[in-house]
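Please read the points below beside the model. They go through the domains, the sheets and a few local features in turn.

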Amino acid sequence: MSSPATPVTLRDRLLSERTWKIGSRVLLVVAAVVLLLFPLSPSASAQNTIILALVLAIGASGLNIITGYAGYLSLSQGAFLGIGAYITAVLTRVAPDVSPFVWMPLSGIGAALIAMLLALVTYRSRGPSFVIITIAFLFLVQFVAIEWTEVTNGSAGITLPLPDWPRELRNWPFHLVLCVLLALSVLMSWAIRRTKFGTGLIAIREDEGKAGTIGINAPIYKVLAFGLSAVFVGMAGSVYGYYLSFVDPIGMFSIIICVQMVLAVILGGRGTLFGPVLGAFLIEPLNALANNSFGGGNARLVLFGGLLVLLVVLLPQGIIPGIRRLLEKARSRDAVGLSGARLDPRPAVVVDRTAVAPRSSEPARPLLEVRGLHKSFGGNHAVDDCSFTVPEGSITALIGPNGSGKTTVFNLISGTMAADAGTVLFDGTELSRNSWSRAHRGIGRTFQITRLFREMTVLENLVAPLRDFSFRQLGLGAVSGTEAAKAEELLAFVGMSAYRDAPASSLSYGQQKLVELAQVLMLDPKLIMLDEPAGGINPTLIARMGDLIRELNAEGTTFLLVEHNMPFVLELCDPIRVLAKGRVIAEGPPELIQKDPVVLDAYLGDDYLLDQQSKTGGVAVVKGARR
Ligand code: ADP
Ligand code: MG
């Protein structure tokens with residue numbers, strides 16, 4: 001008897017991914033056709049609104065690259081519209097016989113170059129300070145447009161010639177050119193999302209510090225993203241100025257346009273392809289309404305300011321992600337989750353535990369040499385003249401009480417933080433400052449509190465690391481063939497294949513530790529630094545972590561690990577460095593370290609020794625032996 005197949009209900013069909021995919025494509029085609037043919041509409045004011053909506057949509061779509069993908073909220077996107085408009089207006093003044101359309105590409109390039117300059121200037125700021133700089137930039141550009149009168153004609157503005165085409169064509173050329181620019185802008189966003197460049201931007205949005213440690217050169221990514229985000233809005237500015245046939249500093253560098261662009265991105269859905277466009281086509285009619293019915297001006301400020309607040313409170317993800325979420329909820333109502341899934345079974349480890357780690361102490365040359373590192377936070381000397389080495393091929397432990405500076409030492413070695421003084425030599429040469437170049441040299445690290453990119457899937461997390469930097473690589477597919485194969489292999493290695501397509505945010509803490517290890521392994525590092533790999537995870541996972549470390553070490557990878565679980569450390573590591581108050585107070589093989597009175601005093605405590613002796617039947621003579 002065969003089991004009865006579950007009947008496919010109408011609800012299932014309606015909710016299915018296929019139905020929605022086809023539905024949204026049809027909707028998209030219809031919307032595109034309506035948009036393209038809109039100038040056929042008899043209403044001149046509606047035509048005007050649509051042209052302005054197109055301009056806004058191009059701006060929002062570009063802004064989405066830095067705000068949606070890279071996570072930088074910019075209030076200066078409108079400035080690039082103005083810059084584009086001014087470039088065309090000024091050139092038209094110089095060469096009045098040439099059609100202003102000719103200058104459109106130059107407007108795009110000019111806007112992009114200035115945007116890249118802005119990115120260079122702001123590359124260290126984030127969050128609120130970044131937003132404030134972008135507002136200041138808008139006013140700075142406006143100031144230049146007002147003051148540089150020989151070129152811009154100051155506050156009086158520049159009048160452009162009227163369109164030189166037959167009257168019957170009305171606004172068709174403006175409309176069609178803007179439609180093409182919007183299509184290109186969306187196409188560019190689509191392409192970016194599929195490349196290494198796009199994945200890097202998402203990684204920067206999720207956790208810029210972590211992105212550096214896996215080899216992502218954030219400043220270059222940001223400079224490029226800023227440039228690309230301004231290209232089409234600069235060209236749209238060129239068309240916008242020609243369409244209005246007048247550019248002036250107040251109209252062209254308006255904070256309201258900037259806010260509308262941000263609103264469009266947030267309303268439609270940050271980081272989605274069509275969200276910003278949808279947002280723009282909702283915001284612009286509202287803008288027209290505010291202008292016609294409430295007299296514009298301050299009423300618009302109240303309207304859009306209020307809308308921004310409402311949006312952030314009620315619909316923080318925006319319309320498109322909101323709909324997606326509702327759909328997923330409806331779909332998963334009867335579905336069984338992954339929660340019951342277990343780790344993949346792994347074959348018993350073939351490595352002989354006793355044979356692998358060279359128990360003779362430190363014969364090898366140092367792979368890592370830390371010399372006189374200092375780092376203080378205010379008056380707190382977290383790391384204070386810290387020096388030690390990590391012999392090549394070893395599994396070296398860095399142990400010490402909470403707050404002794406272990407994590408800070410890791411941050412200084414990986415470049416996540418800059419040291420106040422001291423040097424770190426790797427493979428005999430000093431490390432450069434940036435965390436990504438340290439990752440490229442072969443230093444991989446995990447974090448005490450795991451830092452996976454939570455909005456990416458497990459597989460996306462694994463293919464994010466970059467072993468070097470090249471411009472060519474930016475354009476490669478986000479997941480290339482050999483890389484995906486390697487990622488799958490590593491996932492199997494840490495026993496997490498079942499979770500390949502799960503979002504990283506859905507993993508348990510221990511599972512995140514394993515995935516983070518696999519992620520670091522994608523870098524093929526010579527040295528792996530693990531910050532409390534066994535902390536907060538269950539005994540089975542601890543055993544697996546130990547096995548993995550041993551296997552990798554047997555294949556030649558050097559380890560430096562921080563861990564409080566002493567049995568784990570003593571079984572796995574040799575040599576051991578003991579840190580207290582930011583300084584190495586003892587080092588040597590585990591046998592000596594666990595009996596060292598200084599270490600017992602500063603970290604392990606007398607109870608530890610008594611405990612060890614009760615296990616080995618020793619006599620409690622330690623007290624006298626101390627000092
Ligand atoms: P451990 O990892 O050994 O527990 P940490 O390196 O995390 O120790 O911390 C060492 C000291 O530095 C602590 O006193 C901690 O409060 C301080 N510290 C660490 N990071 C920061 C920071 N980003 N800002 C201020 N103080 C910090
Ligand atoms: Mg720590």
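The numbered points that follow describe this structure.

1. Basis. This is a predicted model, in which local features need pLDDT of at least 70 and side-chain atom pairs count only at pLDDT 80 or more, while totals for chains, interfaces and linings use all residues. Residues are numbered from 1 along each chain as its sequence is written, chains are lettered from A and ligands numbered from 1 in the order in which they are written, and side-chain values use heavy atoms, with hydrogens and water left out.

2. Domains. The domain assignment of the protein chain gives domain 1 (52-254), domain 2 (364-593) and domain 3 (594-627); such bounds come from an automatic or database domain assignment. The centres of domain 1 and domain 2, taken over C-alpha atoms, are separated by 41 Å. To their contact (heavy atoms within 4.5 Å) domain 1 gives 26 residues and domain 2 gives 32 residues.

3. Interface of domain 1 and domain 2. About 2300 Å² is buried between domain 1 and domain 2, with 63% of it on carbon and sulfur atoms. Buried area is the accessible area (1.4 Å probe) that two parts lose on being put together, summed over both. Four salt bridges are found across this interface, the criterion being a side-chain nitrogen of Lys or Arg within 4 Å of a carboxyl oxygen of Asp or Glu. Between domain 1 and domain 2 there are 15 residue pairs in polar contact, both residues at pLDDT 80 or more. A polar contact is a pair of N or O atoms within 3.5 Å; within protein, one must be able to donate a hydrogen and the other to accept it, and residues adjacent in sequence count only if both atoms are side-chain atoms. On the side of domain 1 that touches domain 2, the elements that give two or more residues are helix H9 (196-213) and helix H10 (218-244). H9 gives the most to that side, with 13 residues. Helices (H or I, at least four residues) and strands (E, at least two) are DSSP runs, numbered from the N terminus.

4. Salt bridges. The whole structure has 21 salt bridges. In one, the side chains of Glu208 and Lys222 meet at 3.1 Å, N to O. Glu208 lies in helix H9 and Lys222 in helix H10, so this pair ties together parts that are 14 residues apart in sequence. Another salt bridge joins the side chains of Asp207 and Arg451 (2.7 Å, N to O).

5. Six-stranded sheet. Which order do the strands of the open sheet of six take? The order is E8-E9-E10-E5-E11-E12, with mixed pairing; two strands pair if DSSP finds at least two bridges between them. Strand E8 (443-445) and strand E12 (583-588) are the edge strands, each pairing on one side only. From one strand to the next the twist averages 20 degrees. E8 pairs with strand E9 (residues 527-531) in the parallel sense over three bridges, and Arg445 stands opposite Met529 in E9.

6. Helices on that sheet. Helix H17 (residues 406-414) packs on the sheet and touches strand E5 (395-399), E8, E9, strand E10 (558-562) and strand E11 (576-580). The direction of H17 makes about 150 degrees with that of E9. Helix H26 (residues 597-604) also packs on the sheet, touching E5, E11 and E12, and its direction makes about 130 degrees with that of E12. Axes are lines fitted to C-alpha atoms, for helices over the stretch in contact, and angles run from 0 to 180 degrees between N-to-C directions.

7. Four-stranded sheet. A further open sheet has four strands in the order E4-E3-E6-E7, with antiparallel pairing. E4 and strand E7 (429-430) stand at the edges with a single partner strand each, so one side of each is left without a neighbour in the sheet. Strand E3 (residues 366-377) and strand E4 (residues 380-391) pair over nine bridges in the antiparallel sense. In E4, Thr389 stands opposite Glu369, Phe388 opposite Val370 and Cys386 opposite Leu373. E3 and E4 form a hairpin with two residues between them, and Gly378 in the turn has a positive phi of about 65 degrees. E3 is also joined to strand E6 (residues 421-426) by five bridges, running antiparallel; the bridge partner of Leu368 in E6 is Phe426.

8. Backbone details to check. The peptide bond from Asp574 to Pro575 is cis, with omega near 0 degrees. Pro575 lies in the loop between helix H24 (566-572) and E11. Ser245, a residue other than glycine, has a positive phi near 55 degrees; Ser245 is in the loop between H10 and strand E2 (246-247).
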